[in-house]
Amino acid sequence: MFDQHLVQKKMEKCSPSPISQLFSLEYLKTGIIGQTWYYLLIFCFLYYIVQIGYQLDLLCTTSEKNQTTSSKPPTTTTTTATLEHEHDVCVKRTKDYFKNWAAHFSTMTRLLTFLLGFYVSTICKRWWDQVSKLPDADNLGLVLGGLVWAQSEAEADAARDFKKTILRYTHLSWTMCLARISSPLSNKFSSAQEYIDKKLLTKSEAEALKIDTDDRDCSTLWWVPLSWAVSMVNDAFNNKEKGKDGLIPKDHKDVVSAICKVRNDLFNLAEYRLQPLPAIYTQAVWVAVYGWALISIVANQSQMHYRDNEASLVVTILLSFPGHELLMFLLIFGWLKVADILVDPFGNDFWDIDLVSTLDINIWKSSVTIENQEKATHPQLLKRPYLQ
């Protein structure tokens with residue numbers, strides 16, 4: 001049983017191009033700007049705190065501000081010269097401090113880009129391996145259509161029910177396995193009763209699995225329905241009565257191979273999710289990026305002081321806008337968010353694969369496959385293919 005509205009919505013879904021999403025208000029929250037704006041805002045806030053303190057000489061020590069050249073009361077000329085000297089010493093010391101951090105920042109940026117690139121490439125590979133291994137029953141349905149054969153009208157219903165049961169067991173194992181690694185699918189099928197309501201499981205089969213209808217840990221034996229399917233295929237091939245072949249006259253191993261392929265893909269998919277990367281790997285990357293971000297606040301400060309060229313304080317602060325640094329922040333944290341998104345392909349985020357709707361799509365495709373196998377498009381051509 002599938003949701004027709006959900007299937008239609010899924011089939012009609014069409015995502016715009018990434019460039020159009022970048023400038024679309026509808027996708028602003030899920031774009032690179034929407035995912036990194038708070039990092040950029042925090043950087044600008046802390047950057048201008050340091051920059052304003054630098055321009056107003058707030059970074060100077062109290063001893064420098066109170067220093068005098070003589071114990072005698074200073075004259076106006078002496079006071080002016082002393083203040084200018086203190087200002088020059090303070091500005092020079094602050095500039096040297098900025099330059100020293102800028103040198104460290106350049107080295108750290110090269111190391112960070114290498115570490116982040118390797119981390120993101122690893123996450124992307126794991127993401128693609130999981131997405132590409134997501135199985136469906138299309139191939140199995142085609143194999144069943146080619147090998148399950150009703151030798152009489154009386155066996156037609158048995159052949160159709162046989163194919164339906166094999167595909168239902170496949171979808172049942174698919175759902176039970178992926179419910180262990182996908183929170184939306186787990187919430188949808190939280191107990192055996194949900195499987196029964198979806199017509200993926202019967203009460204007698206639930207009893208065979210030794211699970212109660214209210215059992216919330218009913219997905220542990222996810223491979224058992226596939227073993228039922230293999231047993232049915234074996235029986236359909238070997239159960240011959242009065243010289244007649246079974247529902248599968250020959251090559252039943254091809255059906256078994258298709259079922260085993262679904263099992264292997266599900267197993268590999270579950271292993272990817274149940275055996276994640278070590279947490280220290282992700283922690284090291286995040287600590288490195290946050291450390292790089294803190295250093296960049298000091299290392300990327302503009303060293304132009306408004307008194308050096310007798311310029312306006314406001315104009316000097318505005319000209320010190322860190323445009324290049326904001327672009328670097330956008331790229332670095334954008335890549336980091338990409339890795340964070342791709343860690344779980346089957347989660348609740350906007351970009352994740354919706355396994356609930358995917359299940360309905362798979363059930364719908366299996367139903368259409370069986371329905372069209374029952375009525376050939378050109379029956380007269382199948383009966384006499386070489387006659388005009």
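The following is a working conversation about a predicted model of one protein.

Visitor: What does the secondary structure come to?
Guide: In this predicted model, the protein has 17 helices and zero strands.

Visitor: And how much of the protein is buried?
Guide: Of the 388 residues in the protein, 40% are buried.

Visitor: What about the exposed area, and which atoms supply it?
Guide: The protein exposes about 23,100 Å², and 60% of that area comes from carbon and sulfur atoms.

Visitor: What share of the contacts with a separation of 6 or more joins residues 24 or more positions apart?
Guide: Residues 24 or more positions apart account for 78% of those contacts.

Visitor: Let us turn to the surface. Which residues form the nonpolar patch?
Guide: The patch consists of Ile19, Leu22, Phe23, Leu25, Leu28, Ile32, Ile33, Trp37, Tyr38 and Leu41. Together these residues have about 1,000 Å² of accessible area.

Visitor: Which elements give two or more residues to it?
Guide: Those elements are helix H2, residues 18-22, and helix H3, residues 32-55. H3 gives the most to the patch, with five residues.

Visitor: Where does Leu25 lie?
Guide: Leu25 is in the loop between H2 and H3.

Visitor: Is Leu25 buried or exposed?
Guide: Leu25 counts as exposed, because its relative accessibility is 77% and the cut-off for exposed is over 50%.

Visitor: Now the helix packing. How do H11 and H12 cross?
Guide: Helix H11 covers residues 224-238 and helix H12 covers residues 252-274; their axes come within 10 Å and cross at roughly 175°.

Visitor: Parallel or antiparallel, then?
Guide: H11 and H12 are roughly antiparallel to each other, because angles over 145 degrees are placed in that class.

Visitor: Which residues meet there?
Guide: From H11, the residues are Leu226, Ala229, Val230, Val233, Asn234 and Phe237. They meet His252, Val255, Val256, Ile259 and Arg263 in H12.

Visitor: How accessible is Asp251?
Guide: Asp251 is partly exposed, with a relative accessible area of 30%.

Visitor: What does its side chain meet?
Guide: The side chain of Asp251 meets that of Lys253 in a salt bridge, with an N to O distance of 3.4 Å.

Visitor: Where does Lys199 lie, and what is its phi?
Guide: Phi of Lys199 is near 65°, again a positive value in a residue other than glycine. Lys199 lies in the loop between helix H9 (192-197) and helix H10 (203-208).

Visitor: Is Lys199 buried or exposed?
Guide: Lys199 counts as exposed, at 54% relative accessibility.

Visitor: Back to salt bridges. How many are there?
Guide: The count comes to nine salt bridges, taking a side-chain nitrogen of Lys or Arg within 4 Å of a carboxyl oxygen of Asp or Glu.

Visitor: What is the distance between Lys92 and Asp96?
Guide: The side chains of Lys92 and Asp96 form a salt bridge at 3.2 Å, N to O.

Visitor: How are those two placed in the helix?
Guide: Both belong to helix H5, residues 76-132. Lys92 and Asp96 are four residues apart, so they are separated by about one helical turn.

Visitor: And how accessible is each?
Guide: Lys92 is exposed, at 54% relative accessibility. Asp96 is partly exposed, with a relative accessible area of 37%.

Visitor: What of Asp340 and Lys337?
Guide: Asp340 forms a salt bridge with Lys337, and the closest N and O atoms are 3.8 Å apart. The two residues are in helix H15 (residues 323-342); they are three residues apart, so about one helical turn separates them.

Visitor: How accessible are these two?
Guide: Asp340 is partly exposed, with a relative accessible area of 41%. Lys337 is buried, with a relative accessible area of 13%, because buried means under 20%.

Visitor: Which residues does Lys337 touch, leaving out those up to four places away in sequence?
Guide: Lys337 touches Gln35, Thr36 and Tyr38. Tyr38 is also one of the residues in the nonpolar patch.

Definitions and conventions:
Residues are numbered from 1 along each chain as its sequence is written. This is a predicted model: local features need pLDDT of at least 70, side-chain atom pairs count only at pLDDT 80 or more; totals for chains, interfaces and linings use all residues. Side-chain values use heavy atoms; hydrogens and water are left out. Buried means under 20% relative accessible area, exposed over 50%, partly exposed in between (1.4 Å probe, protein chains only). Patches are made of residues with over 30% relative accessible area and no salt bridge: like charges are joined within 9 Å, nonpolar side chains (Val, Leu, Ile, Met, Phe, Trp, Tyr) within 5 Å. Accessible areas come from the Shrake-Rupley method with a 1.4 Å probe; for residues, only the protein chains shown count as cover. Axes are lines fitted to C-alpha atoms, for helices over the stretch in contact, and angles run from 0 to 180 degrees between N-to-C directions. Angles under 35 degrees count as roughly parallel, over 145 as roughly antiparallel, 65 to 115 as roughly perpendicular and the rest as oblique. Contact means heavy atoms within 4.5 Å.
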